[in-house]
Each structure stands twice: as structure tokens, then as C-alpha cells.
Amino acid sequence: MSAVSGSSTVAAERERLWEVLSDPARLGAALPGVNDVSVDDSAHFSAVACPATALGETRLQMEFEILEERRGEYVRIAGSGLAGENRIELNVELSLEDAAGGGTAARWRGDVTLRGVLGSLLQRGIGSIFNEQVEAVLAAGASDGS
Amino acid sequence: MSGETTYYPAVEQNERLGAYSGQSIPRVEDKRLLKGQGAFVDDLWMHRQGHVHFVRSPYAHARIVSIDVARAEAQPGVYATLTGEEVGVLQQPYFQMGPEPGGLMKDYCMAVGKARYMGEPVAAVLAESAELARDAAALVEVVYEPLGVTVDGVATIEADAPVLHEEIGSNVAWQGVYDYGDVDWALENADHVVRIDRLHFHRFSSTPLETTGALVNWDPGTGVVEFRTNNQMPMFAAMFIGPAIGIGVDHMQFSSQDIGGGFGIKITSYTYLTALALLSRKAGRPVKWSESRWEHLAASAHGNERTFLDVEVPVMSDGTILGFKVRAFDDAGAYLRYEPLGAVIWSQVVPGNYRFKHVRVDYTETLTNKCPVGPNRGYSRLQHLWLIERIVDIVAKELGFDPVELRKLNYIQPEEFPYETPNGCIYDSGDYPAMLERVLELIDYRGARERQRAAAGTGRRIGIGIGSTLDSGTNNFGQSRIINSALPFSGNGEAAVVRLDLYGEVTVTIGTTPQGQGHETTAAQVTADILGMSPDQVHVVAGYNKAANTYVGFSGTYASQFAVTGLGAVMGAAEKLRGEIVKVGACMLGAEESDIELAGGFVRLAANPEAAIPFIGIAATVFANVAELPGELADSVTLNCRHVYRPPFTVPDHETKRGKLTLTYASQIHAAVIEIDEETGQVKILDYAAVDECGRKINPKIVEGQVHGATGHGIGAALYETFEYDADGQLRNATFMDYHVATALDVPDIRYDDIECPSPFTPNGAKGMGEGGGAPLSTICSAIEDALPDGAHVVFDTHNSSERVYDLLRSAAAQGPRGVEVVSR
Amino acid sequence: MLLAATDYVRPASLQEAIDELGSRRGARVLAGGQSLINVLKHRAAAVELLVDVSRLQELRFIDVRADGSARIGAATTYGELERSPELRASHAIVADVAAGTVDRQVRARGTIGGNACFADPASNYPPLLVALGAEMEVAGRDGTRSVAAEDFFLGLWRTAVGPGEVLTAITLPALGGAGVGYRSLQIAADSWALARAAAWVAPGDPVTAARVVLGCVAATPVRASAAESKLVGGPRTAEAATAAGALSSEGLDPPSDVHATGGYRRAMAAVMAARALRDALGFGEEVVSNGR
Amino acid sequence: MAGEGGAVHAIEVTVNGQTHSTAVEARRLLVHFIRETLGLRGTHIGCDSGNCGACSVICDGRLIKSCMMLAVAADGCEIETIESIGEGADGLDPIQEAFREHHGVQCGYCTPGIVLNAKTLLAENPDPSEAEIRRALVGNICRCTGYVNIVRSIQAAAEALR
């Protein structure tokens, strides 16, 4: 398990970003390299995402659950799924605040677990990949519908 | 020799050895290996073969809710699949060697119902090519329900730890107390008692460069299952596979030619062989499997990990160490594949090289969600020998004894051999003080001490370490009864056939499975000496073949014994053939048998070498012109002579845990000079030496090569190689990128010398060797300890990464607990 | 280990390579393949189309100019760097790092551009390129742009080379009397690095400018600005180097892996930085490592 | 062209002096091409991460690991494998002879890669020091010999070849 945390500021207003983050359909669509989103209900959705790096794309077949939310300021999401024969599990809690100079400041912390041989292979990098994906989601969320 | 005691029936030394035995002749095997003409298992193929890919559990512990192979099977080129659910029907659980509680375990060739370690096979896919099998395997849908994970070999026995095997009810596989002498008396009467909190022997493997593999064909017409595989103990594998899937040993064929290293790790591949047999039967095809390196690292076998707690050592004021008391926890991983034999094997060397009289080991074998262990070079003894060497070094440091003098004082002395240990084992011969002297010369001990003083204040700390070890060989399988009195095993043996072929060729077959030890060469050397010919005239058939060669139940290559059991069998068979040749030759020359000698491939009259018959003449007569011989003589020779070498063992005693557990005791003493960078903790080996004693050597160069190799493994393990699991049971060194195998830059040149103390118990004076006893683990720890500043924590682990050494260096300044205390009277 | 299905093309020119890279989202550059093939074997990532640039002569050159700067084609192998007398004269440290990279087999195929684009935190070149102030040339459909090494490394396996682009060349500014040092602490003699530090110190006493760059402590190379400020304006002494080195790990929170905790990495980053700085200022000492 | 396993490409590659014109899947590694397509089984596989060097072959005069190169990328290359070393079925060249003489072989699995390593090393540096030999061997893992006799064999071969 790798513990991760990070923060970033996006240009979108908090309310608008929140709408994306709390809507499974729009959140799913904001995942990096997403191919296929299906929404089960207001708290559950699944997606096939293919985050890309210089070395190619890694196909993740994921199911997500929005576990907890406080409108406009906080959301906690759990995800689990497959990367080939490997299993991935993640938990992330995200807090939003109005940024000083406009836009939204997001802070997150969570953990990610990769089980199988990729867990060994990616042990030095899984944390940073995770952070980059959260940033990518926030960026995509911020530009969603704009 | 001491007194009148005789421990074994007298053994006659074979006087004919000498012309070639003892010479470092180049190996017969090398030509084909150097030219890439070896036949390793992955080099073999069969018509219509399919390729296997195993689907493996990413979880260390999980219930398997369902496995859906429909999508995989629908792929073009996929022949068949096999799931754990099917295995649960097709296979009976394997025979267990341990008694209850561990003996209750239900172990199968794939995960049935639940997966218990990361990498455990849960399904298999057979396809036209390896690529397609892997592609399809990714489509097998497995639903898991993750369970709690236990990875600490000691804490796993706590009540709150998740239980791996419900049928056992706890994670304790075996427990027993070995109590020799009177350690309580010793602790009460000693001048000092040294207490060490915890020592940990880490998990690693010798990782043969060739991974496990097999080509298996279940022939539907004959019902014979053919295993072409690099398993290194086929008859042991047969014993497990046969009852599990209902085939007779007579219907199992095993063969191998060249094996790319084994080191014990390839003994327990029988689980994979079982799965492959089932898959072959289901698909009606030969099936081929070559393990990938990550599969090998995660799911073949690991060496035993052992934790020693509450070590108490009674010491007299003159430095005499009376013995010790310890609680040992051996972590077997998820299944007992060769275990719990490790729980007794260590007791072949209860006092190590020392005259310890009072030893109590409270031994617990435990189960965790990690890869099952298997015998690994130095199996179960190297853990115990490391403990003993740690004890000696820590006693020296804590009580202010010179580590060299303390060893000399406590070593078993040369005049004490044969030496009976507290548990009734007989050390055959040795001279440890002389070996220690020699190894210290090789590293220039005095010079090294001067360098150590000169290095003070330079940021480099120099340490000098010593490791004394034993390589007990030719084990008595009766020791398994100390673990489980119901087991029907005892003794040991090996079989060989030496025969004369039609045109006078001498052919040797043996039941062993060589993996680089040069059996073809040394068997030719002893045969040549006995039959009076040159080794290149002797054809030793390469590799193992159950149908074509001879074998016994103990056949295989493991546990430092070939020079005794394998060559013992070859020598016996060669002597029988010699007797027949002499008999026929005497008849044909019209002479008495006592007038005959064998030389240069001829039978001749000793008094008149001109009167000679070449071996072809003998063979052609017996095989093709037999009417020329008197009927009585013709009926009494076959020129096809089998011999089984049987060491003179009796059954050890289950109650007292005493007995003669091994026949020979080779030894090695190592010394190293290391340098530690104070700022980083990085260790550099400046000088390394090994002195070896293994009785009479048949081929000294091969012996030296074995010492080099074992030293390389030990140095690798001491500094670099470790299997580390996280709390979730994920192996974090699942590739050679993170399991750093020692390279040519990591193993230094090794100064080598030897002494020779022939074994009185073997027909050639040789002792089994090759495992090496893990001497570098002790030596490197000893050297690190020697380099640490006063007040530092004791070196407590066999594996010492730069960071661990860095922490040890800094522990002195922290003035925290040191992991050791001394109580003096 | 077997790769998943993929496709392959070996373009005859840089322009063709750029066209191929732009043709599919899943296209990636294949250079020496000494990291990428491993990733594909373990199926850690998939590539739809491998665009093999390893034989493009446009990407294989070492051009040391009269001013002492060196422009190196991205597909130049470690072996070619190691054996180049010109590079050894202009930037010996780059040739030395090439000579010490992994093993002969990898040096025969692996490329400096591939190493930079792999952008692994443990890789040897990224911190060195940042310390040397290298400029990275990136070509794409819209032409070629130049990116400072410091801005090139964006994250794990992520660089300024965008989709459809390729790294074509790396320019090393002339050293011009600057001192350089590069130190790594590795597992055994030759495995993973736990901490790396590269140092560049401009000529002149007191020190006028310095770059201290750490590797293995974050997803990208890290400039140790506290160490640099401590150094600038100070004397060129071993003591100054040591003192600055000690400051270099300030504010770092390196990740842990099976080989070392973050805390140890952090401490070692400072040790390596101090040593690299001492080397750069001419007070180097021997490296403790078997066989080196 | 695209089959089940992805695209197939025509290649022409010379192995041990013989030119093969054939088609390979893009995903096929050179080592599998050598072992399975050409049946040259002296090139071995010991790991899946490019660490062990058992698959080392000579490509256009340089030692490479054939598990880290695609077969399709070897198009137009000249490859030498262990089968090309030493004359005929039985001949040993001086390097192989030195390994036999100095017990530089145990199980033999790493041996072909190490012999090819020594061959290219001695071609580049006929008089290597022990340190240079060890440095050159770092990409070839041997689990049997502790490298001691491998180093000695290469030293002896260097002497024999000088």
C-alpha cells in the first residue's frame, strides 16, 4: 500500500467542479483515457480507463463508489479493479476550498494498493502515478462543460 | 581416534582408487554445455504440445468466490483450462509428512477454495502457443473475497492472526522441544549468562538460473504419464503425485538431461507437475510449461526463514561455552511441501563445530501467507549454524574474549574425532583449529587488524569476520521419525549400474539428477580406477531417466551426498562388474582369478601382460558367443551390474530425539575483511578466504568450484538477496530487478585452501559436500559486528542492507537497547 | 515473458517517425528498448504501435562544437557516448556515467534519449542533465522546440514530450571550467540507485553559481536550492561543499521502497550531494563500492 | 497483416552466417525467434527483466540481450549465437577450452551467454584486468560458480589468445 497526498489549484469555480465530482457520469468521463463509463446509481459507477505515460497505456477496469460527500467541500471515493492479472484498490478523500486568487484549491489524501507482480514492479512509482491521475481528473473536471 | 568406541560397522576403503580419482581432470559435461548443446527442459518439445500459463492469485489470502473460464476457452488456439475447483475433485490432498496439527493440512496442486499466498496458481490455460495462453489467461475471471493476512513467522501464532488452514485450526504446523544435556544446570552454574533477545534468519533463495519447467504427457493408450522435467528428486515427487491423482509409480516416467541449477529449490515442483498431468489428461495433449522468473520468485519455493528468541548462553570464566537455550520459530509459508522436515534437519548439527554439551531448542514451525519454503542449499542447518556463530561472536564481544581464541578453545579438537554430539550424531573427522589458522593466514589476519586500527577516524571502519560451518551429508531419513513417529522412512541409498556393452564399452547409469556437480566426470574417474581404464573410455549416461537408468526411493541430487552415496553405488557396481570380467577372463586365459589384473581396457595375467584379452573379447563372448563358456560360469555373469549403496544407519529414537542423523561432516571455515562507509552503511568486501575440508576429494577442482558457488550464494544473501513481504502479503522483490542476485562485481575473488581428513565411514574416504553451510552469512555478520562502534546493537539479521548497517552504526550513539545482556555471578 | 499484441514500424526518417507517432493515440517511440521492452513483457503498459527510431541516423550523432558545447542525438547509445573521445574531452562526466550504466549489453542498445524519456526517478541521466543545464530538442508535427532539462521531467514516466512528439537531441552547454560531480548510492555494486546527486559549480572564487540536483528522492529530479544558495558567494572549500551538501535534503519527503526507507534516502541524498560537490570543487574521494 | 497475435512483418536476418527470410509477429522477442523459430537452443532464458544475460547473443558485433530486442527489430542484422563458436559439432575455441580447463562451467545454463560475453570483451580488450573482466560480466548472472572460475577462465583465454 502506498499512502499518497497532494494538492492543486484549478481555474474552475468550486460549485462547478463539485458538480462534476459528485456526478458519477461526469466524474467517470473525467478519468484519464476513459473508454467506457457505466453508471449504476448516484453512488456507483464503473469505467475502463487507460492512463497514459511515455511507455504506453495501462488498461484499468475499475468500479468506483462514492462513500461520503459534503456538498461543495468534501468527497470520499473508493475504487477497485483489474489491471491485467493484477488488482488495484484505491481510496481517496478530496477537499475543496475557494482558492485565494479565484478558482478552486483541492487537497487530497488517500492510499493505493496494487496487488500482483505489478505491485513489485511499480513500487517506486505507484504513488506519483496516482497523484498525476488525480490532477488529471481535476483538470478534466474543471474543463468539463466549459 | 578416541578410545574404543565404534559407531558404525567397519568400512573397507577401496584400494583401487588413485590413478584418476583425486585428479582435477576436466569435466566430460563441459563440451556440450560450452557449445550450447545441452538439453535443458525448455529445449524439449513434443508433437501436438500445448503451452501452459497459470493464472495466479494477486492476493496473499482470499476466498475464491468463482472462476469463469468461458471467455478464455472461447479464444482461438486455446485447448483447455483447469481450475482449482476441478482440482478439488480430480486430486486427493497430498500426503503430509508431519503429524497433527500440520498433518491435517489439505494441500492441492492449485488453490482450492482459497488462495493462501500471492502468486498461488488458481487456474491454468493450455493453448497453442505460450503467447496465446498468456493472452487467454488474462480473460479468466476470478472473483476473490480478500481475507486477513498474516506474514510474521512469530506473530502468526497469536490468537488474533488469520488462520490459513481451517482444518488445522491455528498457524502452528509443528512444535517440539529438543533437549540435550542439562541446560538448566548449565545456566545455573555458569559464571556468565549471555542473553540475546532476537536473531532473525531472513528469507532468500539460491534462485537457479534455469527456472522450473516440465513437458508432461499423459498417454491415454498406456496410461503412462511422462514427466520430462528438471525436478531434482523425482522419486520424492512420484511419492506425492502418485496417490494424489491415482497413478502407480510404475506408470510414471521421469527424465532430465541437463538441469540449470537446483540448489534444492526444484525439489518441491511436484505440485506443478501434478497440475500439468491433470491438464494433459484433460486436453489429451502433451503440455509444456516454463516458469517465468517472477513466478519462480513468487511461487516456487523460498529458503526457510527462522526467528530465534530468548537465546541464553551459559559461559564459564575461561571462555568455555556450555551450550545454549533458544526458542526457534521457522516460517514455512503457506504450505508444508517438504516441511516439517526442516524442523529436524537442523539437529544434524546441534553443537555446530563446538563442544557444546547442553542445548535446548524449543522449535515451532509456523504458517504464514507467504510462498511455501523448500530445501535451499544448506537446508535448515545453515539457520542453526548462523545462530551458533552469532552466539560465539556475541559472547566474545560481550565478555571480552578474542574471537579467534574463543573459537579455538571451544572447537571440537582434532583428537576427539569421531565425536559424538549431545544428540548422538557422530562427526566423522576434522581439524577445525588448523583450518582456522590457515584461513587467517589467507586474509593476513594480523595485517588486517593493523589496517583496522589505521582506519580509525577516516570515515571507513574495517571489520574482520570468521564463520565456521559444517556441511552434514548423507542423511538418515529415519530422522523424519523424530518429527512423526508414524513415518515409514529410514536410512538412505543410491543405485548405479555399471555394464559392459557388446563391443566392450563401459556404461554407467546412476539414479542421480545432476545440476552442474559433474557426476559424469567423477563417476567416470572412480569407474576407470576400478576397471583399470581411462575415464574417457567410460560412458556415464547423462541425466536421470527412471525407465532407462536405475534408481532407489532416495534417488536424486540433494543434501551433499553424491561423493558418498552416488559414488558408493558406482564403486560397488564397478567392483561387481570387475569381478565378473575377472571371472570370465580367468576362464578364457585358463588362469586363476588371483592371477588376473585389469589394465588399459584389457584383462591380463599379472605375471605375463602379453596374455591379455580386451574387454570386447569378454563382452562378445558373454553376449554373442556364450556357448564357448562353461554353463555354470555363463549363468553367473550378466556384465550388467547393479549396486545399491546403503549407509550403515539405524532408526533414530522418536522420544529422545537422538540418533545418527548424517554420515559425514565436511566443514568450511571462512574469514573476511570488510570496510564500511560510515556515512552510508555500505559494505565493501576487501578480502575473502575459505578453507574447506571434505575428506578425500575425487576431483579437487569440482570441490573448489562448489565452495566458490556456495560462497557466492552466501555473500549474495548476506548483503543483497532477500524476499520481503509487506503487511498485505505482497512480495516486493518479485523480479530480478528488485531481487538483486549477486553479480561478478558483488562476489570478490575467493582465496581458497583445503585440508584433507578422510572419512573413516565411507568406502572412498570422501564426505558429501556442496551445500556449504552458509558460511558467508556468519562471516559477514561477524565482520560487521567487528566493525561496529562500542555500544552498538548486535548484528541481529542475516541480511544487512546498507540501511540496516547504517542504523547499526548509529545505534551506538543512541545508547538504546543493544539486544543483548550479560548476567555474571 | 511474452508481450501483448502490438504493431511495429521502422520509419526511414524523422519526419516519417513523427507522422507515425501522430497516427494513433497508442503509438510510442521505441529506441533501445532496454526499459520499454521490460515494461511490455510484464504487461505493465500496452503500446499499440512501436515506432522504432533506433536506426535513424538523424538521431545518432555526437557533435562537440568549437565552443565546448555538445549536441547529442537522442538515439545515441551509452556505448557510443562511452567511446567518444570528443565527448570525453568536452563532458567527461557524461561519458563516465554512460560507461557505468548497467552492463555491456544494455550499453550496446540503450540510448541517452530513451533514458531521459523513460523518466524513472532512479535513472542516471535525468539529474545529471538538469545539473548540466542541458537543453532538450523535441520535434513534432509543428516543428522543433527546445525545453530546458529542468522543465523536461514532469513525473514518473512522463516528460515534456507530448503525444506525437519525439525527443531528437540533447545539447550540453560548454563546461568552460565549471566543476562537476556525480555520485550515486546503489544496491550492491550495480543495481537500483537509492540516492543520486549531480553537482555543477561555475568557475570563480567565491562561487558565483551552482546547481545541485538530486535523483531518486521524488518523481522528478529535484534542485536542492538551499544547498545552492549556501554555496553561492562562499569559498571553494571542501568544508563549504560538505556544509552545503548537508542542506540539500531539506524539505524532501522521498518515497520508501523495498530497498530503503524514505528517511534513509533523504539522509543519503545529502551525503551524495556533499560528495558530488566535493568532487565538483576538486576534493573528491574514493567511492566505496565493490569492483568500481 | 494482422493475425490473432497482432501484426506480422517480413524480416531478413543473418544468424551464424545463414540468412533467414521469414515473417514474425511484431511482439515476438528475438530470443524466442532464435530458440523456437530457428531451433538454436543454446541461447537461454533465465529471467523476464533483462537482468540475467543468459540470452546474450552478438548483434552486429556487439553483445546484446536477445530478450530485450524484438525479432522484427533485428531485420537486416547479423546475429551470432553460441552455436557459431568452436569448429563443427565438437570443436572448442580457445575461450571454450579455457572454461573447460579452469572449471568455469557448472550447470552450464549461463555458459553460452558468458562465452559470448568473453568473446566480445577480448575482441575489444585483449588484456583485461580482473576488475575489467568483472565489470564486463555484470550483465551475466551465474548462480553456480561465484564467478571465481569464470574470471580465471577469461584470464586464461586472454593469455591463450595473445
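Two rings of Phe, Tyr or Trp are counted as an aromatic pair if their centres lie within 6.5 Å. In this predicted model, a search of the whole structure finds 39 such aromatic pairs over all chains.

One of them joins Phe45(A) and Phe64(A), whose ring centres are 5.0 Å apart with 20° between the planes. The pair counts as stacked because planes under 30 degrees apart are classed in that way. Phe45(A) belongs to strand E3 (residues 44–49) of chain A and Phe64(A) to strand E6 of chain A, so that the pair links distant parts of the chain, 19 residues apart.

A second pair is found in chain B. The rings of Phe95(B) and Phe489(B) have centres 6.4 Å apart and planes at 85°, and the pair is therefore edge-to-face. Phe95(B) lies in the loop between helix H3 (84–90) and strand E4 (114–115), and Phe489(B) in the loop between helix H14 (480–483) and strand E19 (494–500), so the pair ties together parts that are 394 residues apart in sequence. Both residues also belong to one aromatic cluster, which includes Tyr94(B), Phe236(B) and Tyr270(B).

The table gives the exposure of the residues in these pairs.

| Residue | Relative accessible area | Class |
|---|---|---|
| Phe45(A) | 1% | buried |
| Phe64(A) | 10% | buried |
| Phe95(B) | 31% | partly exposed |
| Phe489(B) | 18% | buried |

Strand E6 (residues 60–70) of chain A also holds Glu65(A). Glu65(A) is partly exposed, with a relative accessible area of 32%. Together with Asp40(A), Asp41(A) and Glu63(A), Glu65(A) forms a patch of negative charge on the surface.

Terms used
Residues numbered from 1 in each chain as written. Chains lettered and ligands numbered in written order. Predicted model: local features only at pLDDT ≥ 70, side-chain atom pairs only at ≥ 80, totals over all residues. Heavy atoms only, no water. Patch = residues over 30% accessible without salt bridge, like charges linked within 9 Å, V, L, I, M, F, W, Y side chains within 5 Å. Areas by Shrake-Rupley, 256 points an atom, 1.4 Å probe, with all protein chains shown as cover. Salt bridge = Lys/Arg side-chain N within 4 Å of Asp/Glu carboxyl O. Lys, Arg positive; Asp, Glu negative; His and termini not counted. Charge placed at Lys NZ, Arg CZ, Asp CG, Glu CD. Helix = DSSP H or I, 4+ residues; strand = E, 2+ residues; numbered from the N terminus. Buried < 20%, exposed > 50% of the residue type's maximum accessible area, 1.4 Å probe, protein only. Phe/Tyr/Trp six-rings, centres within 6.5 Å; stacked < 30°, edge-to-face > 60°.
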